[in-house]
Amino acid sequence: MVDAGVSPVVELSDAALVDIVLRGESEAYARLVARYRDRYARFALHMLGNREDAEEALQDAFVRGYRSLHRCGDPARFGSWLLAILANRCRTAGGRRARREKRFVSAEDRHYAIALDHPADASAWREEIRLALSRLDANQREAFLLKHVEDMEYEQMSLVTGAGVSALKMRVKRACERMRRMLTEGEDAPAR
Amino acid sequence: MRQHDDTEDMSRDETLERVVQELRRPLRVNASLFDARVMDEVMRAPSGVGGRFESLLRPRTFRVSPLIALAAGMLFAVSIAGSILYVLPSRSRGAPSARGAQSEVARAVSGSPIVEFGFVAPHASSVALVGDFNNWDPKATPLRAASTGGVWSVEVPIQPGRHLYAFVVDGTVWRPDPAAPQATGEDFGEPNSALTVADPGMR
């Protein structure tokens, strides 16, 4: 049995793993899941505002990704390709949720809270950010997160979202302006 | 190009730096249970990728290259060591149907948030949840094994507040939840995990 504590990490490239999965060794897909799980869960959480929807969208994206893996044109960019699927699932789930409830749900990510020195302050700040994010237009929120949280280039964002580079720049710019206004001037947009 | 640069420079003042810093905080997913669920669906998924699904339904029997065996073995080992805590007040949506009735009953009885505990242990013959909410009684809250993947889980009504808990595997082995904060030294000298359940009224 492999000892989890001391085993060397075997880092296969995305392209190699995709190739192995496509040859029928589906277990290898677990490596891709592990590789992108946490980072993309964070993206989905920020897009959807609650952990349950985020995990559901992410699980859905991984399964859809597996089912259509043969259509992944560039296996070396599996991550971006999967993120495009996830962004799409988030749009669908976000629209569904917006019809269901206008309230921005919180309190699911309490793993955050536990390690903080000043939980009350930090939690108030987190809540402000969460509210501000939730009040952005979904396209703006997506562009903002991809650019500034995921640190992507506009060309890459264009592949993920299907939107043009100039449109994405405008979304990011507006998202930043709006976030700044909400967080510094207390703009309370009527989002509900 | 200049407009591009201006856009980016202007967009990251001090406030937005703080926002970005907060939003970049790592998120810890309930890894082993999440992965088990994805892979469970993957193994059952009709797909264009080909593969020998009959054999793949026995995911622990690797007949693959040494590198992949090692990688998959590591994942498996991690999943054995790992356990997963769902700190969501359950809304049952997306939960396996076998648990639905139980959680409805539990919610109706207690009114407390339902917390789903999960533990991946394919070779265990029993897994139990012990914590301050059941007097650390290994017989009180057994987990049930899913049909595949070695995923054990149980849904329990837990009163809002901070709790300590652990899992007992095969009746003897005490396991904290590595996916949750540890609270060593607070109780009995055993490594326990800490859980904070939010008051649903606060949401």
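The model is predicted, so local features need pLDDT of at least 70 and side-chain atom pairs count only at pLDDT 80 or more, while totals for chains, interfaces and linings use all residues. Residues are numbered from 1 along each chain as its sequence is written, and chains are lettered from A and ligands numbered from 1 in the order in which they are written.

**Chain A overall**

- Chain A has 9 helices and 0 strands, where helices (H or I, at least four residues) and strands (E, at least two) are DSSP runs numbered from the N terminus.
- The order along the sequence of chain A is α-α-α-α-α-α-α-α-α.
- Of the 192 residues in chain A, 44% are buried; a residue is buried if 20 or more other C-beta atoms, placed from the backbone, lie within 10 Å of its own, exposed if 12 or fewer, and partly exposed in between.
- Among contacts in chain A with a separation of 6 or more, 67% link residues 24 or more positions apart, a contact being two residues whose C-beta atoms, placed from the backbone, lie within 7 Å.

**Helix H3 of chain A**

- Helix H3 (residues 51-67) of chain A has 17 residues and should span 24 Å at 1.5 Å a residue, which agrees with the 24 Å between its end C-alpha atoms; the expected span is 1.5 Å times one less than the number of residues.
- H3(A) is largely enclosed by the rest of the structure, because 13 of its 17 residues are buried.

**Contact between H9(A) and H2(B)**

- Two packed helices are described by the angle between their axes and the distance between the axes.
- Helix H9 (residues 165-184) of chain A packs against helix H2 (residues 14-23) of chain B at about 95 degrees, with the axes 10 Å apart; axes are lines fitted to C-alpha atoms, for helices over the stretch in contact, and angles run from 0 to 180 degrees between N-to-C directions.
- H9(A) is therefore roughly perpendicular to H2(B), a label for angles of 65 to 115 degrees, with under 35 counted as roughly parallel, over 145 as roughly antiparallel and the rest as oblique.
- From H9(A), A:Cys176, A:Met179, A:Arg180, A:Leu183 and A:Thr184 meet B:Thr15, B:Leu16 and B:Val19 of H2(B).
- The residues of this contact comprise 5 nonpolar, 2 polar and 1 charged; Ala, Val, Leu, Ile, Met, Phe, Trp, Tyr, Cys and Pro count as nonpolar, Asp, Glu, Lys and Arg as charged, and the others, Gly among them, as polar.

**Strand E2 of chain B**

- Strand E2 (residues 114-120) of chain B is largely enclosed by the rest of the structure, because 7 of its 7 residues are buried.
- B:Ile114, B:Glu116, B:Gly118 and B:Val120 point one way from E2(B), and B:Val115, B:Phe117 and B:Phe119 point the other way.
- E2(B) runs antiparallel to strand E5 (residues 151-157) of chain B and is joined to E5(B) by 7 bridges; strands pair if DSSP finds at least two bridges between them.
- B:Gly118 has B:Ser153 in E5(B) as its bridge partner.

**Single residues**

- A:Asp151, not a glycine, has a positive phi of about 60 degrees and lies in the loop between helix H7 (138-149) and helix H8 (154-161) of chain A.
- A:Asp151 counts as exposed because it has 10 C-beta neighbours inside 10 Å.
- B:Trp136 has a positive phi near 55 degrees and sits in the loop between strand E3 (127-131) and strand E4 (144-145) of chain B.
- B:Trp136 has 18 C-beta neighbours inside 10 Å, so it counts as partly exposed.
- A:Met157 in helix H8 of chain A counts as buried, with 25 C-beta neighbours inside 10 Å.
- Leaving aside neighbours within four places in sequence, A:Met157 contacts A:Ala143, A:Leu146, A:Lys147, A:Met152 and A:Leu168.
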